[in-house]
Structures are given as C-alpha cells and as structure tokens.
Amino acid sequence: MIISHPYHQDGDPHLSLDNHSQVVADRVNRLLRSLPTRQRHCGKVLGYLHDFGKVTPQFQSYVHPEKQKRVVDDDRVFNHARLGALATEYALTSLGFAQQDVIAGTLAVAKHHQSLPNGADYLHNTLDTTDAIHAQIDRIATECPSAANDLLSAATNNYTDGDNEIRWEDFVQTVRDGTLTGRLQAASGEKMSLTDEYVYAQNALPDGVYDRTLRYWSALTLADKSHAAGLSASGGDRLFGFDTLDRQPLDDYIEQLQSDSSSGKHTQLNQWREDARQQVLAGIHEWIGMDTPPSVATLTLPTGLGKTFTGTTAALTIRDHLLDQCGTPTPLVVYALPYTSIIEQTREQFESQDIWDASPTESEFTVHHHLSKTVVSDGDEAEDNNAVFLGESWRSGVVLTTFVQLFESLTGPSNGASTKLSALDNAIVILDEPQALPKSWWDGIRREIEMLIAEFNTQFISMTATQPALFDPIDTISLLEAGARHTGGDCPRCSTGERSSHSRREFFEHATRVSYSLHDSALAHHPNSTAGFITHERAADHLLETATETGTSVLSVCNTIASSRQLTEDLMQSDQNVRHIGAAYQELLTQKQIGSGQTVGEITDMILRRCGVDVDDELSWDSDTDPGILVGTFNSRYRPVDRRVLLSVAETLTTAGLPFVFVSTQAIEAGVDISFRSVYRDIAPLDSIVQSAGRCNRSFEWGSRAGTVTIWTLAAPGEPSASDPQDRCPAELVYARDIDDHLQIIAETLASITSDTLVSPPTSIPDVTVATDGVSRYFDRLAEKSVATPEIRQEINNCLADRLQSRSLIQDYDTVDILIGVTESDRHRIEAIRTAYHDGNHQRAYSLLSECADIRVSVPVRGNEETLRSIPRVDHQSHDTEDGIQVLAFTGSHPTGEYDLADGGFTTSDTAVTDRFTI
C-alpha cells in the first residue's frame with residue numbers, strides 16, 4: 001500500500017495516499033465555497049495532487065517504518081512537494097485553467113508545508129526539473145507507473161471530456177522534453193527579442209496571483225494538516241461543525257439595561273444608544289437588500305453611544321442573513337481590536353454571565369492574540385493538540401483578535417498562520433478603531449481588504465468615532481445614513497413600530513460629553529507660535545491641582561512609556577500626600593496576601609484598603625487615614641493579569657469622589673470602557689486625541705458637557721527647560737518619524753477650528769467641532785501628504801511573499817517575550833515549564849507555556865540587547881538556539897532589570913531607545 005502518513009491514529013495503521021488525497025480534495029472544495037465552481041474544481045485538483053510526490057519509491061522507503069531506508073547523496077529525492085507542484089502545473093494546464101489559477105495552484109502545492117516564496121523567482125529559478133526530479137520520475141516509471149497514473153486520473157477525471165485525458169506518460173514527456181519548464185520560464189520572465197529566451201522578471205506574474213495563491217494555499221494547508229492530525233473525515237467533524245453566539249441574549253441584555261436606568265439623564269442616554277442601534281439595524285436591512293451591496297459598511301458614532309453592542313448586533317444580523325443564503329458552516333464573525341493590552345474588556349462582554357456567558361475554550365467563541373491561550377475544545381480534551389490547532393485556525397463562531405493577527409496573516413504569513421485564512425470565507429469582520437492602524441500601512445491594508453472582498457467574499461464593518469480615510473476609494477455604505485433612509489414598511493425583516501432616525505452630526509451633538517481646551521504648549525509646533533513645551537514636573541503640578549480642586553479623577557495620556565514613567569515619578573515626588581495603587585498592589589503580592597482563587601474585584605478592594613480607602617460602604621478615606629491623592633500607571637509593560645487589576649482599581653476610583661490621577665500611554669485610548677472627569681492629552685493626531693477624550697465623562701457621569709479635555713505638548717522626560725528644549729519631545733519621537741511636518745499639520749488643524757489668536761489659545765472648543773470638523777480636516781491634510789507607503793501594495797501585486805514576511809504591522813522593531821514571576825506561585829509555573837522541557841516532554845512544556853499568557857510581556861530588543869541576553873530562556877537553551885521555547889524567564893530582581901508595579905512594569909537598565917515607541 002502506498003501511504004501518506006505512517007501509523008495514523010484513526011483506522012488502519014497507515015493512512016493511505018488514496019484516502020488522504022480524497023479527503024483533502026473534498027475539504028479544499030468545502031473551504032473554497034465562496035469561489036466560483038471553476039475555482040473550486042481547481043482546488044479539488046490541488047487536494048488530489050498535493051502529495052503526488054509521495055508515490056515515489058524514494059519517499060515510500062523514507063516514510064514506511066518497516067522498509068529499509070536507502071542512503072543517497074541527494075536528499076531532495078525524498079522531497080514530495082516539488083514533484084507534486086509540477087504534476088499540478090501539468091494537470092491544470094491540460095484542463096485549460098487560466099494562468100492565474102495554474103500559477104497559484106502550483107505555488108500552493110509546492111509550499112503546502114512551508115511559507116510562500118517570492119512567486120516569479122521561485123518559478124523561474126527554483127522549481128525546476130532538477131536531477132532529483134528526474135530520479136523520482138525514473139523510479140516511478142520503473143516500479144509503480146500505474147499508481148501515479150491512477151492518482152492523476154482521480155484528480156482530473158471529473159473535468160475532462162475523454163479526448164483530453166490526463167496521463168502519466170504525457171506528464172513525463174512534458175518534463176523530459178522541457179515543455180513544462182518552458183511554461184514556467186515564460187510565466188515568470190520576459191522574452192528577449194534576440195534570443196527568444198525568457199529572463200526572470202519580478203513583475204511578470206499575472207494580476208491577482210498572490211491573492212489566488214493565498215486562497216488556494218491556505219485552504220490546502222488547513223485541509224492537509226487537519227486530516228494528518230486525525231480530525232474526522234465525516235461531515236459533522238470539528239473542522240466544520242462549530243457553534244456560534246446568538247443575537248437574542250444581547251437583545252435581552254440591552255432591553256434590561258433600558259428598564260434599569262436609574263436617572264433621567266441615564267435613561268435619555270440609553271434611549272439614544274438604542275436609537276443608534278435600531279437605526280444601524282435598519283441600515284443593515286438596507287445594505288443586504290441592495291442589488292450590488294458594497295462589502296464595507298461604516299459605523300461612526302461618538303464614544304459613549306454603545307458602538308461595541310451596536311457593531312456586534314450588526315455583525316450577528318448580517319451573519320444570520322448569510323447563513324440563510326449559503327447554509328453551513330456558519331459564517332465567522334471576527335472582532336478585531338488594535339492592541340492586546342485593551343482586548344480584555346471587550347472579552348468580558350462576551351464572557352459576561354449577563355449576556356452570553358461564553359467560554360473561550362469552546363467553539364462558539366475564541367480569543368486569539370499572541371498572549372492568549374487559544375483553543376477550541378470539544379468539551380473533553382481542552383488541552384490536546386487538535387484543540388490548539390482548531391483555535392488558532394479560527395474554526396469558531398466568533399473570534400476576538402487583534403489587527404496583527406488579522407492583517408499580518410495576509411502579509412506573507414507563516415505556514416501555521418495560514419490555516420486561519422480559510423475561516424474568512426463569507427466572514428464578517430468588525431474593525432474596532434481602525435484609525436489606530438499605522439498610517440504608513442493604510443494603502444497596504446486597503447489592498448488586503450480588496451483581496452478579502454474579491455477572494456474570500458468577506459464583509460467589513462468599520463467602527464469608530466473618527467472614521468479614517470482608510471477605505472478610499474473602496475465603495476462603502478454608512479449604516480447610519482442607510483438606516484435613516486430605510487423604509488421599514490417595505491422591509492420583511494423590520495419589526496413593526498415607529499423608530500427615530502438621526503443624522504451622524506445629531507448623534508455627536510446630543511452626545512456632547514466634553515469640551516476641549518488648548519494649553520499654551522498645544523500649538524508649539526505651529527509656525528506662528530512662540531510657545532514652548534511643558535515640562536513633566538510642571539505637568540504633574542497641573543494634574544495634582546486639577547484632581548484636588550475637582551475632588552475626582554484625572555487621566556493623563558502620554559506618547560511614550562518613558563514619558564509616562566517620568567510623569568509618575570514627578571507626581572510621587574510632590575509635597576502632597578500621594579499614594580500609588582501599583583505600589584499597594586505589589587506589597588500585597590510580595591507579602592503573599594493575594595491568592596490564586598481571589599477575584600479581580602476582591603483584589604481591587606484589598607488594594608484600596610491598603611491605600612487607606614474604606615470600601616465597606618461608599619468609597620471614602622478611612623477614618624485613620626489622612627486624605628491624599630491616589631496615583632496609578634498603565635502601559636503595555638505590565639503583565640496581562642496586572643493590567644486587569646490596575647484597570648479594575650482605576651475604574652472603581654474614577655467616579656468615587658476621591659482625587660485620583662491615572663497616567664497612561666496610548667494603550668488606554670481604544671476599547672477600554674473607563675471614564676474620567678478630566679483628561680490631559682500630549683499632542684497627537686486628532687483621531688488619537690478624540691479617542692483619549694472618549695475616556696472622559698463617557699456616560700455623562702458628571703452631566704452633559706461636564707468633561708474637560710486639555711491638549712498640551714510635553715517636553716522630553718527630565719527636560720529642565722520648556723522654552724529652550726535640548727531634546728526632542730515625545731510627540732516628535734513618535735509622530736514625526738514617518739510623516740514630514742506631521743506635528744505642524746496637527747497644530748495647524750487645531751488652530752483652524754478655533755477663532756481665537758495663537759497668542760491666547762481658546763479655553764473651550766465644542767466636542768462636535770473637534771470630533772467631526774477637526775478630524776475631517778486632519779485626514780484631508782494627510783491625504784495631501786500621501787503618507788501611506790506604496791511598497792506593500794506593490795509587493796502583493798508582484799507576489800513577493802518572502803519580502804512581505806519581513807513587514808510588521810504594529811511594531812517596527814523586534815520583540816522578545818518574557819515570563820515574569822512575581823509571586824511564588826508564578827515561579828512554580830515557570831519552573832514546571834523548565835522541568836517538562838528538561839524531561840523531554842515538549843508537548844507538556846508548550847501547553848504549560850500557553851497557560852502562562854497572563855504573566856507574559858513583550859519587550860523590544862533594540863536598546864535592551866545586553867540586558868535581555870543576561871535573562872535566561874525558560875528552556876535553558878542558548879539565546880542563539882533557534883529551536884525550543886524562545887521565551888525568557890524573569891523571576892525576581894535582576895542586576896539589569898526590574899518589574900515594578902509602581903514604575904511602569906518591566907524596566908531594564910537602558911530604556912532610552914525602546915521606551916520611545918511602545919504603548
């Protein structure tokens with residue numbers, strides 16, 4: 001028997017090549033369901049022929065444990081993918097498929113165990129009829145030609161007319177006479193006029209080859225890996241049979257919120273939230289009722305009007321419509337956010353017992369980012385390899401993930417990352433706060449969205465208060481505008497009854513929560529301004545004064561981690577009675593007063609008590625405590641478990657009526673449901689400023705227009721002079737790197753929406769003016785600058801997959817992950833990984849590593865090389881070793897590093913470089 005995989009765990013001891021090829025072909029066909037029939041037929045051919053090279057006696061001697069392995073000089077004779085790719089090219093060409101499909105199919109089969117290459121280069125210079133290929137063909141011709149012929153016939157017999165039969169002998173002839181190589185050379189090169197030869201040309205491949213290759217390759221990889229892993233071939237297996245979340249629990253929860261409103265203002269706010277949701281639902285009905293609906297819908301609502309629930313309702317509604325149209329499997333809903341540091345609060349909505357009570361280990365809901373434990377279990381073995389495979393392949397009903405996981409999986413993905421892409425077939429993707437995507441990537445993201453629309457039939461909902469020009473010139477539909485014009489009486493999907501419709505500006509005007517003011521330093525980069533920056537020491541005085549005078553909460557958003565640390569230090573050095581919530585938390589941890597069974601709420605109360613706050617009734621200072629000011633710090637250098645606690649404490653304090661200053665980086669701007677009385681924002685793009693303002697008076701806790709947002713420009717950390725700075729300010733380090741005159745554009749835009757002179761900046765600018773007029777003018781100015789780099793689009797168009805792999809969406813520097821052990825329990829968990837790896841139980845070691853996602857932090861390498869090399873890897877391997885677990889283990893104080901909950905989380909002895917560019 002010719003086998004594909006030895007000793008398969010299901011059925012016969014060996015998995016036969018015939019059976020494997022049939023199952024993979026059927027699965028590829030199902031995974032390509034949104035493509036036309038012709039392309040689905042092409043996919044089935046790939047499925048049949050992807051392991052064609054395993055027919056060779058050389059491979060069978062290699063894979064059969066009981067056979068004597070021959071020692072050969074050229075181990076390429078054991079390689080099966082190249083011969084399979086050549087057979088695929090021959091079959092698809094013979095069947096008359098378009099060149100785009102032929103090339104895409106050939107590359108998909110050639111690399112179904114590896115990452116994709118630079119397409120033209122691989123076809124022209126690598127995939128050639130080498131001596132190894134001829135040696136394989138010679139052995140097949142001598143020992144098993146009928147087996148090769150049978151596989152070719154099985155792959156193509158449904159698509160031939162009898163006069164065009166696909167035969168082994170003809171394939172061999174095209175290889176031996178150079179016909180096949182000639183076709184590859186012609187497809188990937190330019191013809192020389194004098195010699196009629198083809199020379200390699202990077203841009204020779206047809207349009208859309210990368211897109212189609214990614215489609216075929218991802219489906220083939222998933223189909224092949226899933227069967228090889230032992231996932232059942234039956235129709236209801238775990239690959240296609242998964243659950244999803246129903247919309248009804250969310251509807252019920254929102255209805256309950258409506259009835260539970262405790263105040264007139266809150267009732268009115270909830271009514272506007274529900275008006276927005278119902279108008280968006282009407283917009284969905286208008287969208288799906290169009291003859292040729294655009295694939296991108298926009299949802300532009302001010303912060304505080306329930307975008308998360310409204311967007312999720314919209315996605316589940318369109319999901320149900322698609323399910324009615326196309327049947328199972330259920331279309332996936334992807335909820336994508338900018339950062340891992342803000343994903344937890346959105347996750348809590350899905351896991352809330354009041355709504356879905358969803359488990360992230362079951363198939364209806366999955367959380368996937370690099371610090372999460374991602375599994376889809378059948379309820380029996382949550383830790384088995386298949387559960388991890390299914391989770392990371394997004395075989396789920398709803399996936400909560402990051403922009404990195406979504407878009408980098410389309411930009412030169414690894415072989416493992418490719419398995420999730422087939423889940424995007426007919427999927428609905430919510431992009432929450434897409435303006436947070438790096439502006440230099442906008443054209444590349446737009447190209448990837450075009451790919452998903454054309455190849456995967458993906459639908460998008462772009463959801464933000466500051467809708468960016470990201471999608472221009474892609475055709476879009478505004479759900480609010482569509483809902484306003486929708487006629488419910490003519491719509492079979494609309495419920496009876498009257499509903500209110502409002503314009504986008506009306507929503508913003510009604511939801512006026514804040515007013516903006518410009519500090520003298522805010523316009524420092526305006527060419528007509530003579531103002532300087534504000535030092536961190538002076539800024540700290542302002543924050544303490546505001547917290548004391550208002551007797552409530554103040555948020556300060558900094559542009560860099562170094563800036564947030566300096567501001568925290570200056571706050572703590574004040575003459576006033578200042579207490580840091582992180583220091584209290586650390587004391588409780590190190591004194592072993594916090595156990596593994598305690599909830600975040602219980603830990604929050606313990607921290608507040610340690611800070612001198614009475615939590616037994618309404619929050620107030622304990623009678624034995626001198627009133628003071630509480631301070632907190634937040635950024636991405638804290639462990640996820642600690643970020644959850646710090647946000648919980650901050651959320652408790654924001655409306656407690658106690659002076660509280662919270663210092664954060666941009667990590668708090670998007671997706672964090674927290675509300676402060678006052679916000680101070682270091683100068684930034686207007687969309688970022690508006691996002692920071694979204695953390696102010698979020699649900700009208702202090703009344704309409706009662707929140708204040710102050711914009712200023714912080715000097716460099718430690719800068720002694722604001723008027724004569726010696727170093728670049730944090731805003732310049734972050735925002736002036738890629739866009740010329742970026743800060744000048746921001747300052748000029750702010751000035752343009754005011755009527756006051758630059759000598760005396762206005763004390764109050766309406767919320768709606770900044771959020772609508774200001775943001776629109778800012779994006780218009782950026783469009784004039786052409787800030788998006790064209791290289792990503794060009795590399796996709798030219799199928800330069802290997803080059804695309806080097807691009808990173810969020811970070812422009814390498815990072816390393818560190819497990820940080822603060823408590824004895826943490827250190828036991830880390831030691832268990834070391835022991836499992838040392839004992840050779842690598843599967844258990846990796847399983848234990850996934851369970852440590854809550855104590856894992858990513859740290860930039862640049863500027864920290866020496867420090868990081870002094871911290872051991874968790875597997876005790878050398879830092880230069882490529883295999884093993886390439887994660888570091890930090891288990892306490894270190895000569896060159898420290899984890900301090902009162903000082904910005906993990907720090908090293910040299911943070912000057914890396915603290916500039918992280919959140």
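Mentor: This is a predicted model. Start with helix α32 (residues 824-838) and helix α33 (residues 842-850), whose axes come within 7 Å and cross at roughly 160°.

Trainee: Why are α32 and α33 called roughly antiparallel?
Mentor: Their axes cross at roughly 160°. Angles over 145 degrees count as roughly antiparallel. Therefore α32 and α33 are roughly antiparallel to each other.

Trainee: What is the hand of the crossing of α32 and α33, left or right?
Mentor: α32 passes α33 in a left-handed crossing.

Trainee: Which residues of α32 and α33 meet?
Mentor: From α32, A832, I833, A836 and Y837. From α33, H842, R844, A845, L848 and L849. The residues of this contact of α32 with α33 are seven nonpolar, one polar and one charged.

Trainee: What makes α8 roughly perpendicular to α9?
Mentor: Helix α8 (residues 145-156) and helix α9 (residues 168-176) have axes that cross at roughly 95° and come within 8 Å. The range for roughly perpendicular is 65 to 115 degrees. The crossing angle falls in that range, so α8 is roughly perpendicular to α9.

Trainee: Which residues make the contact of α8 and α9?
Mentor: α8 brings P145, A148, N149 and L152. α9 brings W168, E169 and F171. The contact of α8 with α9 divides into five nonpolar residues, one polar and one charged.

Trainee: Where is K44 found, and what is in contact with K44 beyond its neighbours within four places in sequence?
Mentor: K44 is in helix α2 (residues 37-49). With those neighbours left aside, K44 is in contact with A25, D26, V28, N29 and Y159.

Trainee: How do you know that T401 is buried?
Mentor: The relative accessible area of T401 is 0%. The cut-off is under 20%, so T401 is buried. T401 is in strand β8 (residues 398-402). Leaving aside neighbours within four places in sequence, T401 is in contact with V334, Y335, A336, L337, I343, H368 and W394.

Trainee: Why does A108 count as buried?
Mentor: A108 has 0% relative accessibility, so A108 counts as buried against the cut-off of under 20%. A108 lies in helix α5. Beyond its neighbours within four places in sequence, A108 is in contact with L46, T213, Y216, W217 and L220.

Trainee: What separates the C-alpha atoms of A108 and S553?
Mentor: A distance of 56 Å, with the two residues 445 apart along the chain.

Trainee: Which residues are buried in helix α6 (residues 119-126)?
Mentor: G119, A120, Y122, L123 and H124 are buried in α6. The buried residues of α6 pack against α4 (81-94), α5 (99-110), α10 (179-187), β3 (189-191) and β4 (198-200).

Trainee: What makes C144 and C852 buried?
Mentor: C144 is at 14% relative accessibility, so C144 counts as buried. C852 has a relative accessible area of 2%, so C852 is buried too. Both values are under 20%.

Conventions: Residues numbered from 1 in each chain as written. Predicted model: local features only at pLDDT ≥ 70, side-chain atom pairs only at ≥ 80, totals over all residues. Heavy atoms only, no water. Buried < 20%, exposed > 50% of the residue type's maximum accessible area, 1.4 Å probe, protein only. Helix = DSSP H or I, 4+ residues; strand = E, 2+ residues; numbered from the N terminus. Contact = heavy atoms within 4.5 Å. Axes fitted to C-alpha atoms, helices over the stretch in contact; angles between N-to-C directions. Parallel < 35°, antiparallel > 145°, perpendicular 65-115°, else oblique. Left-handed = near helix turned anticlockwise from the far one by under 90°. Nonpolar A, V, L, I, M, F, W, Y, C, P; charged D, E, K, R; others polar.
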